[in-house]
Amino acid sequence: MKRIVLTIILAAVFVLNFPNLVSGADLCLKEGSFVLVYAIKKYSTDMLQEGDPVYFIAPSDVWLDETNIVPKNSVFSGYVSMLRMPVTGVNAALSIKITNITTPDGVTKEFDGRLTNGKNDVIGGELTPPASYNKMTHLYQSRLHWSGTTQWVPSGEYEFGQHRGVVPGQNLFIVVDTPYCCSARD
């Protein structure tokens, strides 16, 4: 009988205090988490410089433990941290650092992250295709005799690089560099 009464009392205390424990707890997006974003406007290496501000919008809510930690239409702001112009043989390259998040209700908080396209943190920077090819003969020896084949190989001259960037509607991600925490009350 004492066990039943003690169990009921402990259950009542736990149920009555549980909402207080949850409402005061901090929820954090862990380091390395991804948040889907879209560019607000077109950003390209031909119109940007290092340090220029950039803005991205979250197209959907990000939930954590039944709490909306990043509401839909939150705006992520940051700056261009690295910019390389195109040269012969290499396309332009761009890196973006995210510093703040502004929720739809106007609250701005610090957010430490970087933009990625899902493959690389640097957008662009690829090698360009060869400008021309040379015909080259490759000789090889079979069992009984020598033979050869002709193959087209790059000449060593490459095309001039192109400008790179992001456009609205392109799936981009923000990678969290430092845990982003907020309380369940926010």
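This is a predicted model: local features need pLDDT of at least 70, side-chain atom pairs count only at pLDDT 80 or more; totals for chains, interfaces and linings use all residues.
Residues are numbered from 1 along each chain as its sequence is written, and side-chain values rest on heavy atoms, with hydrogens and water left out.

The protein contains one helix and 15 strands, assigned as DSSP runs (helices H or I, at least four residues; strands E, at least two) and numbered from the N terminus. Its accessible surface amounts to about 12,100 Å², 57% of which belongs to carbon and sulfur atoms; areas were computed by the Shrake-Rupley method with a 1.4 Å probe, and for residues only the protein chains shown count as cover. Of the 186 residues, 28% are buried, where buried denotes under 20% relative accessible area, exposed over 50%, and partly exposed the range in between (1.4 Å probe, protein chains only). Contacts are defined by heavy atoms within 4.5 Å. Among those between residues at least 6 apart in sequence, 64% join residues at least 24 apart.

The largest nonpolar core comprises 29 residues, and F56, V70 and F76 have the most contacts inside it. Strand β8 gives the most to this core, with four residues. Such a core is a set of buried Ala, Val, Leu, Ile, Met, Phe, Trp, Tyr and Cys residues joined through side-chain atoms within 4.5 Å.

The loop between β8 (93–102) and β9 (108–116) includes T103. This residue is buried, at a relative accessible area of 12%. Its side chain forms a polar contact of 2.3 Å with that of D105; the term covers N or O atom pairs within 3.5 Å, of which, within protein, one must be able to donate a hydrogen and the other to accept it, and residues adjacent in sequence count only if both atoms are side-chain atoms. Leaving aside neighbours within four places in sequence, T103 is in contact with P71 and S74.

One disulfide was found in a search of the whole structure, the criterion being a pair of cysteine sulfur atoms within 2.5 Å. The bond joins C28 and C181, with the sulfur atoms 1.8 Å apart. Because C28 belongs to strand β1 (residues 26–29) and C181 to strand β15 (residues 180–183), the pair ties together parts 153 residues apart in sequence. The S-S torsion is about 105°, so the disulfide is right-handed. Both C28, at 29% relative accessible area, and C181, at 36%, are partly exposed. C182 is in no disulfide, the nearest cysteine sulfur, that of C181, being 7.7 Å away; C182 is buried, at 7%.

Six salt bridges are present, each requiring a side-chain nitrogen of Lys or Arg within 4 Å of a carboxyl oxygen of Asp or Glu. D112 in strand β9 and K97 in strand β8 are 15 residues apart and pair at an N to O distance of 2.5 Å. D112 is partly exposed at 28%, as is K97 at 21%. R114 and D121 also form a salt bridge, with their closest N and O atoms 2.5 Å apart. A further bridge, of 3.2 Å (N to O), connects E126 and R164. E126 lies in the loop between β10 (123–124) and β11 (133–141) and R164 in that between β12 (146–154) and β13 (165–166), so this pair ties together parts 38 residues apart in sequence. Through shared partners, salt bridges join K97, D112, R114, D121 and D177 into one network.
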